[in-house]
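Visitor: I am new to this structure. Please show me how to read its features, one at a time.

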Amino acid sequence: MELDSYLDDFRAHNTQIIAVTSDKRPIMEATATRLDLRFPMLPDPDLRLAILYGVLHPMEFLPRPATFVIDQSGKIRYRYIGQDVHDRPPAEALLEVLKRL
């Protein structure tokens, strides 16, 4: 996963990466192990976070890939909602967003 290879750069900006997945915990844990991720993942099988953050596809009832930068006060400072599983902003673009905060 691209973000994992930039983890030290994100940490230098006092940033915590957290991935949210619609998978149930056992599948999520297997994925994290298989990808050797160094950041936490949260399961959202009931899609509560997907609904809360407005990333649930209205016709397919599946969460779209999304990236948020949320500051320490809880304010969303950057939001990107992709059209499909491959539509995600590059890590370099996210680091540029962090530099401007």
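Guide: Start with how elements are named. Helices and strands are DSSP runs, numbered from the N terminus. Keep in mind that this is a predicted model.

Visitor: Let me try a residue, then. Where is Asp-44 found?

Guide: Asp-44 is in the loop between β2, residues 41-43, and α4, residues 48-52.

Visitor: Which side chain of opposite charge is nearest to Asp-44, and how far away is it?

Guide: A salt bridge needs a side-chain nitrogen of Lys or Arg within 4 Å of a carboxyl oxygen of Asp or Glu. For Asp-44 the nearest side chain of opposite charge is Arg-48, 6.5 Å away. Asp-44 is therefore buried without a salt bridge, given the 4 Å limit.

Visitor: Let me follow Val-20. Is Val-20 buried or partly exposed?

Guide: Buried means under 20% relative accessible area, and exposed means over 50%. Val-20 has 46%, so it counts as partly exposed. Val-20 sits in strand β1, residues 19-21.

Visitor: Which residues make the nonpolar surface patch?

Guide: Val-20 is one of them. Ile-18, Leu-42, Leu-49 and Leu-52 also take part. The patch covers about 440 Å².

Visitor: Now salt bridges. How many does the structure hold?

Guide: The structure holds four salt bridges. Among them is the one between Arg-38 and Asp-4, at 3.5 Å from N to O. Arg-38 lies in the loop between α3 (25-35) and β2, and Asp-4 lies in helix α1 (residues 2-5), so this bridge ties together parts 34 residues apart in sequence.

Visitor: Are Arg-38 and Asp-4 buried or partly exposed?

Guide: Arg-38 is partly exposed, at 41% relative accessibility. Asp-4 is buried, with a relative accessible area of 11%.

Visitor: What separates Arg-25 and Glu-29 in helix α3?

Guide: About one helical turn, because Arg-25 and Glu-29 are four residues apart in helix α3. They form a salt bridge, with the closest N and O atoms 4.0 Å apart. Arg-25 is partly exposed at 46%, and Glu-29 is partly exposed at 42%.

Visitor: How are Lys-99 and Glu-96 placed in helix α5?

Guide: Lys-99 and Glu-96 are three residues apart in α5, residues 91-100, so about one helical turn separates them. Their salt bridge has its closest N and O atoms 3.3 Å apart. Lys-99 is exposed at 52%, while Glu-96 is partly exposed at 38%.

Visitor: On to rings. How many aromatic pairs does a search of the whole structure find?

Guide: The search finds one. Tyr-53 and Phe-68 form this pair, with 5.1 Å from centre to centre. Their planes are 55 degrees apart, and the pair is tilted. Tyr-53 is in the loop between α4 and β3 (66-70), and Phe-68 is in strand β3. The two are 15 residues apart, and the pair links distant parts of the chain.

Visitor: Are Tyr-53 and Phe-68 buried or partly exposed?

Guide: Tyr-53 is partly exposed at 29%. Phe-68 is partly exposed at 23%.

Visitor: How far is Ile-81 from Phe-68, in sequence and in space?

Guide: They are 13 residues apart in sequence and 8.6 Å apart in space, C-alpha to C-alpha. Ile-81 lies in strand β4, residues 76-81, and is buried at 18%. Beyond its neighbours within four places in sequence, Ile-81 contacts residues including Gly-54, Val-55 and Pro-65.

Visitor: What about Phe-10? Is Phe-10 buried or exposed?

Guide: Phe-10 is buried, at 3% relative accessibility. Phe-10 belongs to helix α2. Setting aside residues up to four places away in sequence, Phe-10 touches residues including Leu-3, Ile-17, Leu-94 and Leu-98.

Technical notes
Residues are numbered from 1 along each chain as its sequence is written. This is a predicted model: local features need pLDDT of at least 70, side-chain atom pairs count only at pLDDT 80 or more; totals for chains, interfaces and linings use all residues. Side-chain values use heavy atoms; hydrogens and water are left out. Buried means under 20% relative accessible area, exposed over 50%, partly exposed in between (1.4 Å probe, protein chains only). Lys and Arg count as positive and Asp and Glu as negative; His and the chain ends are not counted. Patches are made of residues with over 30% relative accessible area and no salt bridge: like charges are joined within 9 Å, nonpolar side chains (Val, Leu, Ile, Met, Phe, Trp, Tyr) within 5 Å. Accessible areas come from the Shrake-Rupley method with a 1.4 Å probe; for residues, only the protein chains shown count as cover. Rings of Phe, Tyr and Trp (its six-membered ring) pair if their centres lie within 6.5 Å; planes under 30 degrees apart count as stacked, over 60 as edge-to-face and the rest as tilted. Contact means heavy atoms within 4.5 Å.
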